[in-house]
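Dear colleague,

I am passing on a structure for you to look through, and my notes on it follow below. Please read them with the sequence and the model open beside you.

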Number of protein chains: 2
Amino acid sequence: MSDDRDRLYTVTELADRLGVTARAIRFYETKGLLSPRRAGSTRVYNYRDRARLQLILRSKKLGFSLADIREYLDLYDPAGGQREQQQLLLRKVRDRIESLQQQQEALDSTLSELREIEASACRSLQQRK
Amino acid sequence: MSDDRDRLYTVTELADRLGVTARAIRFYETKGLLSPRRAGSTRVYNYRDRARLQLILRSKKLGFSLADIREYLDLYDPAGGQREQQQLLLRKVRDRIESLQQQQEALDSTLSELREIEASACRSLQQRK
DNA sequence: AGGCAACATAACGTTTACGTCATCTAATTG
DNA sequence: CAATTAGATGACGTAAACGTTATGTTGCCT
């Protein structure tokens, strides 16, 4: 079907496709967010790597730090099939959910404060002319 | 009325009152956000300085950079730029609102994904024993 | 063979918002 | 008067997320 799945990319190819620099991609790798295979010393990215990078970029655009993203990705990974692993995963997921809920609340209140400021700035501009 | 208006503060007094460090306050000064008078070499802050610093801190909490804040504060000086100031404020606030809304969406979708992961981890633990 | 284009690593530079010394000086206090 | 205490530079440190050389290596084309 989608021959896309079989495509392989070099850093710069992938970088161009996704609109980032090769440097950035290599940097993500040093941060443990990516781990492409190698052909000699050259990085070779496959479909999964591409998808992973896209996920990273989306998350970034939306304000998550690379550390955040990494933690998040780690929750997806192999995660081992063992009971111990599953329990650990569950705990981590729950912790993460809790902390994200707190972020959500903080975000909400910041937003409503900003909306009030916006409204009052609007009024004051409307009135004065 | 409010004798508060006559109070003067040293850096550390002001810092303690507003819950920041003296270092931070001095730093804001180097960035042109504050310019207290001096008694010899010692900084002396008055009511206005205090109000200004409070404004700075509130803005920071809402996610604006010191550069943003400075831009805004700079428009206050000429006794007439009020209108421009309000317009700038409105622009910046709206930008910020937009970016926070995007973050909010990202957070929401991340949260629901995590909840699915949680559910499936739960099931898999339940089933296996 | 020669040479460019693309890849790689290493390492220093940049911005933001301060923290953390190290030193110095002026003013208060026992 | 000596010792604290406060305040003032000045300079280096820090974390995040890369940008920017510098330098080296390799594969491919003519």
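**How the two chains meet**

The contact takes 29 residues from chain A and 28 residues from chain B, two residues being in contact if their C-beta atoms, placed from the backbone, lie within 7 Å. On the side of chain A that touches chain B, the largest share, 24 residues, comes from helix 5 (residues 83-127) of chain A; helices (H or I, at least four residues) and strands (E, at least two) are DSSP runs, numbered from the N terminus. That side of chain A has 14 nonpolar, 8 polar and 7 charged residues, where Ala, Val, Leu, Ile, Met, Phe, Trp, Tyr, Cys and Pro count as nonpolar, Asp, Glu, Lys and Arg as charged, and the others, Gly among them, as polar.

Please bear in mind that this is a predicted model, in which local features need pLDDT of at least 70 and side-chain atom pairs count only at pLDDT 80 or more, while totals for chains, interfaces and linings use all residues. Residues are numbered from 1 along each chain as its sequence is written, and chains are lettered from A and ligands numbered from 1 in the order in which they are written.

**The DNA strands**

DNA strand C is surrounded by 18 residues, of which the closest are Thr10(A), Thr12(A), Arg43(A), Ser65(B) and Leu66(B); a residue is near a strand if its C-beta atom, placed from the backbone, lies within 6 Å of it. The surface near DNA strand C divides into 6 nonpolar, 7 polar and 5 charged residues.

Around DNA strand D there are 16 residues, and Ser65(A), Leu66(A), Thr10(B), Thr12(B) and Arg43(B) come nearest. The surface near DNA strand D is made up of 5 nonpolar, 7 polar and 4 charged residues.

**The nonpolar cores**

The largest nonpolar core has 9 residues in all, among them Tyr9(B), Leu14(B), Ile25(B) and Leu53(B); such a core is a set of buried Ala, Val, Leu, Ile, Met, Phe, Trp, Tyr and Cys residues joined through C-beta atoms within 7 Å. Helix 2 and helix 3 (47-61) of chain B each supply at least two residues of this core. Apart from it lies another core, of 8 residues, including Leu14(A) and Leu53(A).

Leu53(B), which is found in helix 3 of chain B, counts as buried because it has 23 C-beta neighbours inside 10 Å, the cut-offs being 20 or more other C-beta atoms within 10 Å for buried, 12 or fewer for exposed, and partly exposed in between. Not counting residues up to four places away in sequence, Leu53(B) touches Leu14(B), Leu18(B), Ile25(B) and Leu34(B).

With best regards
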